[in-house]
Amino acid sequence: MSEDGQLLRFDEGYVSARIFNDPDVHRRELENLFPQCWLFVAHETEIPNPGDYVTRQMGEDPVIVSRDAAGKIHVLLNVCRHRGRKICNEDSGCATHFRCGYHGWTYDSAGQLTGVPFINAYGTTIDRAQLGLYEAQADTYHGLIFACRKPTESLRDYLGPMAWVLDLLFGRTDGVEVGGPPIRWVADVNWKLGASNFVGDGYHIFTTHGFSTQLGLHALKPRGSTGAPVGHSLALSHGHGASLVSSPSGTTEAPFFGLPKELWPELERHLDAEQRHVLEPLIVAAGNVFPNLSFLDTAGHTPEEWGGPPWPVSFLTLRQWQPKGPDRMEALSWLFIDKNTPAEWRAASRECYERVFGVGGTFEQDDLENWASITEGVGGDWARELWLQYRMGLDLQPTDDWRGPGACYTASPPFFDILERLFYQEWQRLLGAEHGQVLR
Amino acid sequence: MSAIWPGDPRYAEVLDFLYHEAELLDSGRQKEWLDLLAEDVIYRAPLPLNVKGDAQPSYSEDSCIFSENIASLRIRVDKLTTEYAWAESPRSRIRHHVSNVRVSERSGSGELDVISNVLVFRSRAPRTTPDIFSGERRDVLRKLAGAWHLAERLILLDQAVMEVRHLAILL
Ligand code: FES
Ligand SMILES: [Fe+2]
């Protein structure tokens, strides 16, 4: 960090090492950044029926994502209005009401306070109608439930052109569903390292995941493809970003991420011609919905090499990086599957995903190791003087031949830090840490 | 399914098998450990869930932390020999503690059902906090060419949300 408390030198591509392990920065993220953002909390298929709920986090606040008796989704602060006990300690379930374990106040699945034991003891000093659980605004896009405490715009406006990318992954067929509950674990990592890696650090792959090349696996170079894959990186609004990697033209063995042919008519119905044109040769789509929801759809693993079937498969995953202090996060990892996918393809997709991702994943373990080592490395005092390098592609200009949304960048080798710079620029804006503003 | 008691020689063989594989896993001899696996081995750790209900702790029916076969286990082990095994460099100190071994015979097949508890201690200097993985193993052992092999391992982990960077070792 420089003398004047600056955290980002956007034009030069420098990020202060301080932001990855600092209690003041962390506190300001919780106070300023997370409350203003539309945060992912669950997918609708996790709570399909009235009364279904899952418990999640917004910033570091625990929330219940519940579907009420009428089917409406509520995102409720999981903290009792009486004396602040956490009301629900299960990951998921189905309930008509939540009863607080301390003094027995009871709330329905819409968050209304319905029961207070010995209510007469309060005389006239209690108004149950005013004492429902705190509720955030909730909205959905392709079944992805987002919530916001202090919205200044609609979810659709917040997503902006990112919606177009989400269409390709979550809106391409008659619907996607979660492959099961998320894998969750807590790691000694600052949450931004996950988000910024997914938004645009293609550079790490060859070192971090180099084992795969050294073992001669096909990862990231699907069977039958020749020539270098083509990367398009999309700078979108609000710090969102996505990278789309396609097979070199004409070598697509597995169009549309190798999705089973049965689903192709659905693609016709749900995507426009341009979106199908972009989707057809894709082998990897990765990105981050600001602030902390990362996604990846990849056909970059050849299932046969891992003891799977001889046909191509891809998997679609969402990963969320939830802060838990300046140097800790909870990682959540979901698998998604297009609803009408045949059982065999589903099973193969799941296996590919589980071998690569999650706490035991052969790829993810090395990302975690790196991010944890950064978090630890910059936790001292001297390291805070470091300006970290996000300087690739400083003068790269967007390409003209892109008909999708956002500004599209491409380069060879396909490495540049534009999307990460934009991520940190938005981060800084929401933190309220503009140039020159001194931290405590 | 009939129980096999400590007096039965097969019980001692099972203990010997479990202790031997623990020794291989704890001393960096994962490649030799692979030789103890049947070619069609199933190695899974279903995702533990934290939900209300039955007295039994529950596990996901679909999601797994590990869902391995012989090919993918070989990749995991081979990975350790590359220069890119970042999550295991330096290598962890690992100690498998195996106990509460219960053995029974699978009717007809000659295979054995082996249930045991496993506590795995993993430390990586310079970190001072070790990772501890606790769980129940449900194994199936099969005799191949005169020696017991692991045909199936289901690991029921005891922690739904683990505080670990990664689980880059075999349980
Ligand atoms: S704290 Fe919830 S009822 Fe008292
Ligand atoms: Fe990675």
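How many residues does the contact take from chain A and from chain B? In this predicted model, chain A gives 42 residues and chain B gives 37 residues. The size of an interface is often given as the accessible area lost when the parts come together. Here, the area buried between chain A and chain B is about 3400 Å². Carbon and sulfur atoms give 51% of that area. On the side of chain A, three residues stand out: A:E354, A:V359 and A:E369. Together they supply 16% of the area that chain A buries against chain B, more than any other three residues.

Charged pairs also span the interface. Eight salt bridges are found across the interface of chain A and chain B. The side chains of A:E90 and B:K52 meet in a salt bridge, with an N to O distance of 3.8 Å.

Within chain A, a pair of helices was examined. Two packed helices are described by the angle between their axes and the distance between the axes. Helix 4 of chain A covers residues 191-200, and helix 11 of chain A covers residues 418-431. Their axes come within 8 Å and cross at roughly 140 degrees. Helix 4 of chain A is therefore oblique to helix 11 of chain A. The crossing is right-handed.

The residues of this contact come from both helices. Helix 4 of chain A contributes A:W191, A:K192, A:A195, A:S196, A:N197, A:V199 and A:G200. They meet A:L419, A:E420, A:F423, A:Y424 and A:W427 in helix 11 of chain A. By class, the contact has seven nonpolar, three polar and two charged residues.

How values were computed. Residues numbered from 1 in each chain as written. Chains lettered and ligands numbered in written order. Predicted model: local features only at pLDDT ≥ 70, side-chain atom pairs only at ≥ 80, totals over all residues. Heavy atoms only, no water. Axes fitted to C-alpha atoms, helices over the stretch in contact; angles between N-to-C directions. Helix = DSSP H or I, 4+ residues; strand = E, 2+ residues; numbered from the N terminus. Parallel < 35°, antiparallel > 145°, perpendicular 65-115°, else oblique. Left-handed = near helix turned anticlockwise from the far one by under 90°. Contact = heavy atoms within 4.5 Å. Nonpolar A, V, L, I, M, F, W, Y, C, P; charged D, E, K, R; others polar. Buried area = accessible area lost by both parts, 1.4 Å probe. Salt bridge = Lys/Arg side-chain N within 4 Å of Asp/Glu carboxyl O.
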